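Have the model open while you read.

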Amino acid sequence: MDRNNIIGLVLIFLIFGGSFYLMKPSEAEIKLEQARQDSIAAAKSGVVAVKDTTNQIVQLDSAALAKPFGAAKVGQEELVTLENDILKIDLTSKGGKVKNVLLKGEKNFDGSALNILEGENNKFGFVFKAAGENIHTNDLVFSVVNKTATSATLRLNYKEDQYLEYNYTLTDGHNLALNVNAVGIQNLVDVQQKTIILDWEATLLQKEQNIKSEREKSSVFFKDAEGDIDHLSESSDDEEKIEDSKLEWIAFKQHFFSSILSSKQQFENTNLVTKLATQDGVVKTYKATAELAFNAQANNTYEFNYFFGPNKYKTLKAEDKSYEKIINMGWGPMGWINRFITVPLFDFLDGYALSYGIVILILTLLLKGAMFPLTRKSYLSMAKMRVLKPQLDEIKEKVGDDNPMLLQQEQMKLYKQAGVNPLGGCLPMLLQMPFTLAFFFFFPNLFELRGESFLWMQDLSTYDAPITFSGFLGINHISLMCVLMTLVTLLTTWYNNATSGATSGMGNQMKYIGYIMPLLFFFMLNNFPSGLNYYYFLGAVFTFLTQFIIRQSINDEKILAKLEENKKNPKVQKKSSFQSKMEEMMRQQQAAQHNKNK
C-alpha cells in the first residue's frame with residue numbers, strides 16, 4: 001500500500017468520524033423524543049398528558065385532578081393583547097399574568113423591538129394553602145372571561161362561587177391597573193390565615209450596548225409607608241427582608257426602563273432579592289415576595305397598578321408617586337443641583353427641539369459662565385501666591401527648616417501684611433466641584449440621550465467605539481471623545497506648567513503628576529457614555545480658553561505692586577478669622593512642643 005492509499009484511508013476515516021459527530025442528535029432533540037415517547041405511554045395508560053409553556057410534560061391522573069384547582073393544571077395557553085399608543089401588553093392564561101410588555105417607539109441596542117418584560121422570564125401570582133394543598137397561581141391555567149382592546153378579565157376557577165379573578169385595564173399612558181377579586185377562597189383556607197403571599201419574579205435581558213454599565217445601574221427599588229426610597233445593591237447580589245415597615249411600591253429597575261408594582265393595600269414582610277447574571281445577554285434576576293392582609297371571613301379584593309416605562313425624570317415625576325427617585329441624581333449637594341437646577345434647565349432647552357449635542361454645549365457654556373467669577377478669583381489668588389514666592393523663599397532661607405513653627409508664623413505674617421489668603425485659590429475651585437460632579441451622575445442616567453446621535457457618536461448614552469479590538473487588559477475599544485478630552489486636558493496641564501513653572505518653583509514630580517492624572521482618567525472614562533465625555537471635553541476646552549484669557553489679563557508686576565502697597569495699609573493688615581485661627585493653632589502647637597522639650 002503506497003502513501004497515497006494510506007492518505008486516502010485516513011481521510012475516509014476522518015470524514016466518517018466527522019459525520020457521526022456532526023449528525024448525532026443534540027441533547028434537546030433527545031429530550032424532545034423522550035417527551036414524545038412519554039406522552040404516547042401516558043395516553044396508552046389513560047393518564048392525561050398536557051404540554052405546558054416550557055415544553056415539559058405534565059402528567060395528571062384522576063387523583064391529581066380531584067385536588068384543589070387540579071383541573072386548572074390542564075389547559076391550553078391563550079394570549080390576550082391589550083394595546084394603546086405607548087404599550088402593547090400580552091396577557092397569558094398560564095398564571096393569568098403579564099407575559100410580555102412591548103414599549104413602542106423604543107429599540108434595543110441591536111435594533112430589535114424593546115420588551116420591558118419578556119415571555120417566560122417573569123412570574124407573578126399568589127401563594128396560599130387551600131384544603132391542605134400549596135397553591136401557586138403562577139402555574140395554573142386561567143380562563144379568559146372577557147376581553148376588549150384595553151381590558152380583560154381572567155379567572156381561576158375552583159367552583160362556580162369560588163374563584164380568583166384578575167381584571168386588567170390599560171390606560172392611555174404607561175399604567176396597567178390590576179384588580180384582584182378573591183371570591184369564596186376564604187372558605188378553602190385555614191380560618192387562622194391572616195395573610196396571602198404575593199410572588200413576583202423577573203429576569204431582565206440586555207437592552208444596552210454596555211451590559212456591564214447596565215448591570216451597575218439596575219436594582220430593586222422600593223418606597224416604604226414613611227415615604228423613604230431605598231434600594232438593594234447595584235454592584236453585587238443582595239437580599240433584604242423588610243419586617244419593620246410596609247411598602248407602597250416595588251420597582252424592578254433596569255438602567256433605562258422599569259416595571260413598578262404599587263398596591264393600595266401595602267406590602268408586608270417583604271423579601272427582596274437581586275442576583276447578578278453571568279450568562280451573556282442577561283442583566284439580573286429579581287424576586288419580590290410580600291404578604292397582603294387576608295380576611296378569612298369574607299371575600300378579598302386587592303388593587304394593584306403596574307407602571308411600564310422609561311426612567312425618564314419628567315415621565316416618572318408626572319406619576320406623583322416619587323418614582324423619579326429611582327434615578328440616581330447623586331448624593332447631597334450634587335442631587336440638589338441636578339433636581340432643582342440641571343433638570344429644569346435641560347427641560348427648558350429640550351423644549352426648543354435642539355440636537356442634544358447642542359443642548360450639552362449650551363449647558364456647559366452656562367455652567368462655565370456662572371462659574372467664571374469664581375474661576376477668575378481663584379486664578380488671581382494663585383497669581384498673588386506666585387508673585388510672593390521669592391519673598392517666601394527668602395523667609396525659608398532665613399529661618400531654615402529646623403523650626404517649622406517659626407517658619408509658618410513668618411509666612412502667615414507675610415500673608416497678613418500683603419492681604420493674601422493662602423486658601424483663596426482653593427475655595428473657589430471647591431465651590432465649583434459639586435456642579436462638575438453633578439453632571440457625572442446626570443448624563444449617564446439621562447434617558448433622553450438614549451439612541452441620540454451627534455457627530456460620529458451614534459448613541460450619546462453609551463460609549464462611542466470607532467476603534468474596536470479583541471480585549472486587552474479589560475479594554476476592547478477606544479472612545480474617540482474620551483481621547484479628545486484627554487488630549488485637551490494634557491494641553492491645559494502643559495500650558496499651566498509653561499506659564500507658571502518658572503515662578504512657582506513647582507518640582508518636576510508635581511509637574512508630571514499633572515500629566516499622569518488625565519491618562520488615568522482616560523482608562524476610567526473610556527467605558528462611560530459619550531455624552532458625558534463630550535461634556536468633559538467641552539469643559540476642558542473652555543477651561544483652557546478661560547485660563548488663557550485670564551492669564552493674558554493678569555500683570556504680575558501690577559499685582560506685586562498692589563501687595564507691596566497693602567503692606568503699608570493698616571486696614572489690610574487686620575487679621576482675618578482664618579489667619580487668627582491658624583496663628584492660634586500654631587501657638588498651641590509651639591507651646592505643646594516647648595512643654596515636651598522640658
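The text below takes the helix contacts, then the sheet, then the annotated spans.

The model is predicted: local features need pLDDT of at least 70, side-chain atom pairs count only at pLDDT 80 or more, and totals for chains, interfaces and linings use all residues. Residues are numbered from 1 along each chain as its sequence is written, and side-chain values use heavy atoms, with hydrogens and water left out.

**Helix packing.** Two packed helices are described by the angle between their axes and the distance between the axes. Helices here are DSSP runs of H or I, at least four residues, and strands are runs of E, at least two, numbered from the N terminus. Axes are lines fitted to C-alpha atoms, for helices over the stretch in contact, and angles run from 0 to 180 degrees between N-to-C directions.

| Helix pair | Crossing angle | Axis distance |
|---|---|---|
| H6 (residues 333–350) and H7 (residues 356–387) | roughly 135 degrees | within 10 Å |
| H7 and H13 (residues 530–553) | about 40 degrees | 8 Å |

The angle of H6 and H7 is roughly 135 degrees. That makes H6 oblique to H7; angles under 35 degrees count as roughly parallel, over 145 as roughly antiparallel, 65 to 115 as roughly perpendicular and the rest as oblique. The crossing of H6 and H7 is right-handed (the near helix is turned clockwise from the far one by less than a right angle). Contact means heavy atoms within 4.5 Å. On the H6 side, Leu345, Phe346, Leu349 and Asp350 take part, meeting H7 residues that include Tyr356 and Leu366. This contact has eight nonpolar residues, no polar and one charged. Ala, Val, Leu, Ile, Met, Phe, Trp, Tyr, Cys and Pro count as nonpolar, Asp, Glu, Lys and Arg as charged, and the others, Gly among them, as polar.

H7 and H13 pack at about 40 degrees. H7 is therefore oblique to H13. Their crossing is right-handed. H7 residues in the contact include Gly357, Lys368 and Arg386; H13 residues include Gly531, Phe542 and Arg551. By class, there are eleven nonpolar, nine polar and four charged residues.

**The sheet.** Four strands form an open antiparallel sheet, ordered S3-S4-S5-S6. S3 (79–83) and S6 (113–117) are at the edges with a single partner strand each, so one side of each has no neighbour in the sheet. Neighbouring strands are turned by 25 degrees on average, direction ignored. Strands pair if DSSP finds at least two bridges between them. S3 and S4 (residues 87–92) are joined by five bridges. Thr81 stands opposite Asp90 in S4.

**Annotated spans.** The unreviewed UniProt entry marks "transmembrane region" at several spans, including 352–375 and 534–550. Residues 352–375 are 83% helix, with end C-alpha atoms 30 Å apart. Residues 534–550 are 100% helix, with end C-alpha atoms 24 Å apart.

Methods: UniProt positions are given in the numbering used here, feature names are shortened, and annotations may be inferred rather than shown by experiment.
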